[in-house]
Amino acid sequence: MNYRHHYHAGNFADVLKHAALVRLVRAMQRKEKGFLYLDTHAGRGRYDLVAAARGDTLERTPEWPEGIGRLWARGDLPEIVADYVAQVRAFDQREGDIINPQPRFYPGSPRLVRALMRPQDRMALFEQQPEESALLKEEFIYERGVGVQTADGYAAMRGQLPPPEKRALVLIDPPFEARDEFENIAGAVGEGLRRLPAGTFAIWYPLTERARVDVFFNRLMGMKPPPTFALELTVVGPAHPMKMKGCGLVVINPPWQIELELAPLATWLAEALSQAPGGGAGLHWLVREG
Ligand SMILES: C[S@@+](CC[C@H](N)C(=O)[O-])C[C@H]1O[C@@H](n2cnc3c(N)ncnc32)[C@H](O)[C@@H]1O
């Protein structure tokens with residue numbers, strides 16, 4: 001496994017995923033009762049964008065300028081985007097980037113959700129890569145209500161569901177290095193839904209090969225899931241040579257009417273993050289509500 005999220009932190013894909021994640025957490029918190037946030041592929045929890053650009057041995061082209069960098073100085077963010085950017089800004093400042101015309105420290109999904117957690121909510125974080133996991137453990141060592149384990153997130157999910165709270169938001173955010181990643185996800189989601197039929201599952205995926213995504217959707221629909229939609233964002237047109245032209249988030253058991261926030265969110269981001277003509281956004285129900 002060579003993947004390090006470090007190099008991609010704050011890119012357009014993180015922006016869609018994290019902005020939607022903030023909406024999902026807020027929606028889960030419409031109910032007073034606490035919930036489990038389960039992050040199957042948690043990463044190291046936080047990223048230093050300057051160190052990422054330095055690379056391990058060679059300088060790397062940073063990806064964040066085309067992501068969070070595009071939103072940083074805008075004064076016209078709609079509320080649903082402004083909420084996410086405010087979370088990133090608060091993290092960046094807290095970590096010491098006081099004069100910040102550009103972001104320096106970027107919160108990964110665990111840090112982003114941690115900032116929103118209420119005392120009754122709980123987090124279980126899994127990361128398989130030992131070095132990333134060691135950093136994640138260090139990050140949360142003294143924090144109550146946050147569990148961190150070095151483990152395969154798919155297997156670990158089985159052990160966590162159903163949680164005592166009977167409510168869960170599961171983020172599945174794999175690196176897609178393995179050819180069978182979609183298969184792994186479908187298997188884990190099937191098992192997860194058997195254990196917690198009302199659980200909310202958010203699955204991030206890259207738009208590199210449309211056909212593979214469609215096979216995945218068919219596999220999901222074959223499982224006769226509860227209401228499910230796919231939210232997608234592309235930053236270039238279909239003929240553009242860029243490999244990852246966009247990304248998506250499948251949401252199973254979405255919180256009530258969250259599509260009314262997420263569809264405009266993706267539409268706005270498609271314009272703000274466009275890298276070439278022909279991109280766009282959409283929200284498609286795979287299984288409709290009601
Ligand atoms: C896309 S990154 C996660 C980013 C993180 N969710 C965020 O939004 O900040 C994927 C992570 O999954 C880890 N990983 C790969 N295979 C895994 C597995 N089977 N179980 C758990 N973690 C895994 C990688 O080491 C990498 O840190």
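Me: Which residues of helix α6 (residues 130-139) are buried?

Reply: They are E132, S133, L136 and E139, where buried means 20 or more other C-beta atoms within 10 Å of a residue's own, exposed means 12 or fewer, partly exposed is in between, and the C-beta atoms are placed from the backbone. Keep in mind that this is a predicted model: local features need pLDDT of at least 70, side-chain atom pairs count only at pLDDT 80 or more, and totals for chains, interfaces and linings use all residues. Numbering starts from 1 along each chain as its sequence is written. Helices (H or I, at least four residues) and strands (E, at least two) are DSSP runs, numbered from the N terminus.

Me: Why do the buried residues of α6 line one face of the helix?

Reply: General idea: an α-helix has 3.6 residues a turn, so residues three or four places apart point the same way. Here, looking down the axis of α6, the buried residues fall within an arc of 115°, so they line one face; the arc is that of the directions from the helix axis to the C-beta atoms. On the face turned away from that buried side sit the exposed P130, E131 and E138.

Me: What covers the buried residues of α6?

Reply: The cover includes β2 (46-48), α5 (109-116), β4 (122-127) and β5, with contact meaning C-beta atoms, placed from the backbone, within 7 Å.

Me: In what order do the strands of the open sheet come?

Reply: Strands of a sheet pair through backbone hydrogen bonds, either parallel or antiparallel. Here eight strands run in the order β5-β4-β1-β6-β7-β9-β8-β10, with mixed pairing; a pair needs at least two DSSP bridges. At the edges are β5 (146-150) and β10 (280-287), each pairing on one side only.

Me: Which way do the side chains of β6 point?

Reply: In a regular strand the side chains alternate between the two faces of the sheet. In β6, A168, V170 and I172 point one way, L169 and L171 the other, and all are buried. Strand β6 runs parallel to β1 (residues 36-39), joined by four bridges, and L36 has A168 as its bridge partner. Four bridges also join β6 to β7, again parallel, where I172 partners I203.

Me: Where does helix α8 (residues 181-195) pack?

Reply: On the sheet, touching β6, β7 (200-207) and β9 (246-252), with its direction at about 170° to that of β7. Axes are lines fitted to C-alpha atoms, for helices over the stretch in contact, and angles run from 0 to 180 degrees between N-to-C directions. Together β6, α8 and β7 make a right-handed β-α-β unit: with the strands pointing away from the viewer, the path from the first strand over the helix to the second runs clockwise.

Note on methods:
Two residues are in contact if their C-beta atoms, placed from the backbone, lie within 7 Å.
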